[in-house]
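Grab a pencil and work through these exercises with the structure open beside you. Try each task before you read its solution.

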Amino acid sequence: MMLKQVAKKALGLTSRQSTPWSVGIFRSYHENVIDHYDNPRNVGSFDKNDPNVGTGLVGAPACGDVMKLQIKVDEKTGQIVDARFKTFGCGSAIASSSVATEWVKGKAMDDVLTIKNTEIAKHLSLPPVKLHCSMLAEDAIKAAVKDYKEKRVKTNGAAAAGETTQA
């Protein structure tokens with residue numbers, strides 16, 4: 001905080017004025033990134049033990065971004081009825097997570113597996129240095145679907161085993 005005040009004083013700015021570099025950084029993001037960062041959609045989480053919830057947890061050690069994306073699936077239709085995310089990272093990672101949750105809602109699981117990071121990056125106009133954020137979102141979607149499918153196999157296997165032991 002002290003460094004910021006010293007820099008503003010040295011530049012002759014009042015405390016209410018932004019520093020030139022903060023304005024420049026803010027302007028370098030596309031309006032879609034800023035919108036999803038300022039107004040993220042579907043923030044939160046579901047109970048990871050719910051058999052109708054798939055959880056994808058992915059990270060990029062190089063930049064420190066960690067993304068948890070969860071889907072809630074209607075077991076009868078196989079359609080994703082809701083999605084939530086929690087992301088620790090930069091604005092591009094948060095925006096990519098937010099977009100991913102919007103795009104998966106209402107779709108069948110096989111359909112969401114066709115969502116590519118390039119589509120997310122294009123929608124957000126991510127610069128090349130931020131493409132890893134959209135890759136995380138794609139990986140999180142795939143991981144959530146995989147987790148859900150593995151849970152269904154375990155649940156169905158346990159139910160089938162219970163039926164055989166009762167007979």
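**Exercise 1.** Leaving aside its neighbours within four places in sequence, which residues is Ile71 in contact with?

*Solution.* Keep in mind that you're looking at a predicted model. Start at Ile71 and skip the neighbours within four places in sequence. What's left is Phe46, Asn52, Val53, Gly54, Ile80, Asp82, Ala83, Val104, Ala144, Val145 and Tyr148.

Now look at the bigger picture. Ile71 is among the residues with the most contacts inside the largest nonpolar core, along with Leu69, Ile80, Val104, Val112, Leu124 and Ile141. That core has 27 residues. Two or more residues come from each of strand 1, strand 2 (65–74), strand 3 (79–88), helix 4, helix 5 (109–112), helix 6 and helix 7. Helix 7 gives the most, with seven residues.

**Exercise 2.** Find how helix 3 and helix 4 are arranged, and say which residues meet there.

*Solution.* First, the axes: those of helix 3 and helix 4 (residues 91–104) come within 8 Å and cross at roughly 80 degrees. Angles from 65 to 115 degrees count as roughly perpendicular, so helix 3 is roughly perpendicular to helix 4.

Next, the residues. Helix 3 brings Val33, His36 and Tyr37. Helix 4 answers with Gly91, Ser92, Ile94, Ala95, Ser98, Val99 and Glu102. Sort the residues of this contact by class and you get five nonpolar, four polar and one charged.

**Exercise 3.** Two residues other than glycine, Asn42 and Ser125, have a positive phi. Where does each one sit, and is each buried or partly exposed?

*Solution.* Here's the background: most residues other than glycine have a negative phi.

Take Asn42, with phi near 65 degrees. You'll find Asn42 in the loop between helix 3 (31–38) and strand 1 (53–60). Its relative accessible area is 14%, and under 20% means buried, so Asn42 is buried.

Then Ser125, with phi of about 55 degrees. Ser125 is also in a loop, the one between helix 6 (117–124) and helix 7 (131–166). Ser125 has 38% relative accessibility, so it counts as partly exposed.

**Exercise 4.** How far apart are Glu150 and Gly54 in sequence, and how far in space?

*Solution.* Count along the chain first: Glu150 and Gly54 are 96 residues apart. Then go from C-alpha to C-alpha, and the distance is 8.8 Å. Glu150 belongs to helix 7 and is partly exposed, at 39% relative accessibility.

Notes: Residues numbered from 1 in each chain as written. Predicted model: local features only at pLDDT ≥ 70, side-chain atom pairs only at ≥ 80, totals over all residues. Heavy atoms only, no water. Helix = DSSP H or I, 4+ residues; strand = E, 2+ residues; numbered from the N terminus. Buried < 20%, exposed > 50% of the residue type's maximum accessible area, 1.4 Å probe, protein only. Axes fitted to C-alpha atoms, helices over the stretch in contact; angles between N-to-C directions. Parallel < 35°, antiparallel > 145°, perpendicular 65-115°, else oblique. Contact = heavy atoms within 4.5 Å. Nonpolar A, V, L, I, M, F, W, Y, C, P; charged D, E, K, R; others polar. Core = buried A, V, L, I, M, F, W, Y, C linked by side-chain atoms within 4.5 Å.
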